[in-house]
Amino acid sequence: MKLKFIPLYLLVAGMMACTGNTKTTTEAVDVDKTSNSWDKYFVGDIFFNDEALATEGSKIYNSIITNPKDYIAEQARTVLSTLYFSPEDSIVPVDTLLYYLRDVKGISAKDGGNGKVSIFYSTQHIEKSFAEGDTAKLYFETRGVLLHELTHAYQLEPQGVGSYGTNRVFWAFIEGMADAVRIANGGFTPDARPKGGNYMDGYRTAGYFFVWLRDNKDKDFLRKFNRSTLEVIPWSFDGGVKYALGNDANIDGLWHEYQVVVGDIKE
């Protein structure tokens, strides 16, 4: 979830929707492992601040993530290699990344911009995720949530169509791509795909569709779709897929094809 200048009382409510699914997956990961080009990329100065030391969630987190800075940097490079072709691309700069543990409701959220990003992770959610004492499940959830929020830090944004809080196209792209990156890197269980809906629903509904386009139409779809926001102005979903897949591509036609292939509708 991406937050911008939202009052605190709205922030707490809104955070409940972000990265709300706690399932995990073993799906194939589409990250270029053949090159070390991202190894030295500057992901920003990472600062970890545990503001909930007295909570059980804090103790649990610190027991599974023993070096938060290195762990966050590793996941950041995974996100970058999913969104971009190489460090030479036009990449959103992140100079400082502040990561907090907080004893609050919700799950996790990203805030900030212009080079300074903050992300919090709820220790209450950590405790809920660890209710059965399953360390592997909690580790998987923690990574998936982090991939989603880090995508918000590094992804490009649509231009000419308003903002996250004012335009549904903008919002659906931002949240759909964040879950697409999570899906592409094994962040959900195989049964986590929502049935039906529309790509304008964002989150997993759009995310699984975007990854299907990557798997079935162009292996670089996610990277090209992200890049389309720099080239297609004003941005639109149809313009974005045409940029990525060619002028014959049509967003509604592709959505229909996807729904038929995955069995959500019958012709």
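The model is predicted, so local features need pLDDT of at least 70 and side-chain atom pairs count only at pLDDT 80 or more, while totals for chains, interfaces and linings use all residues. Residues are numbered from 1 along each chain as its sequence is written, and side-chain values use heavy atoms, with hydrogens and water left out.

A search of the whole structure finds 24 aromatic pairs. Rings of Phe, Tyr and Trp (its six-membered ring) pair if their centres lie within 6.5 Å; planes under 30 degrees apart count as stacked, over 60 as edge-to-face and the rest as tilted. Phe 48 and Tyr 61 form a stacked pair, 5.8 Å centre to centre with 15 degrees between the planes. Tyr 61 is buried at 1% relative accessibility, whereas Phe 48 is partly exposed at 23%. Buried means under 20% relative accessible area, exposed over 50%, and partly exposed in between (1.4 Å probe, protein chains only).

Phe 209 and Phe 210 form a tilted pair, with 6.0 Å between centres and 40 degrees between the planes. Phe 209 is buried at 0% relative accessible area, and Phe 210 is buried at 0%. Ring pairs link residues into a cluster, among them Phe 209, Phe 210, Trp 212 and Tyr 258.
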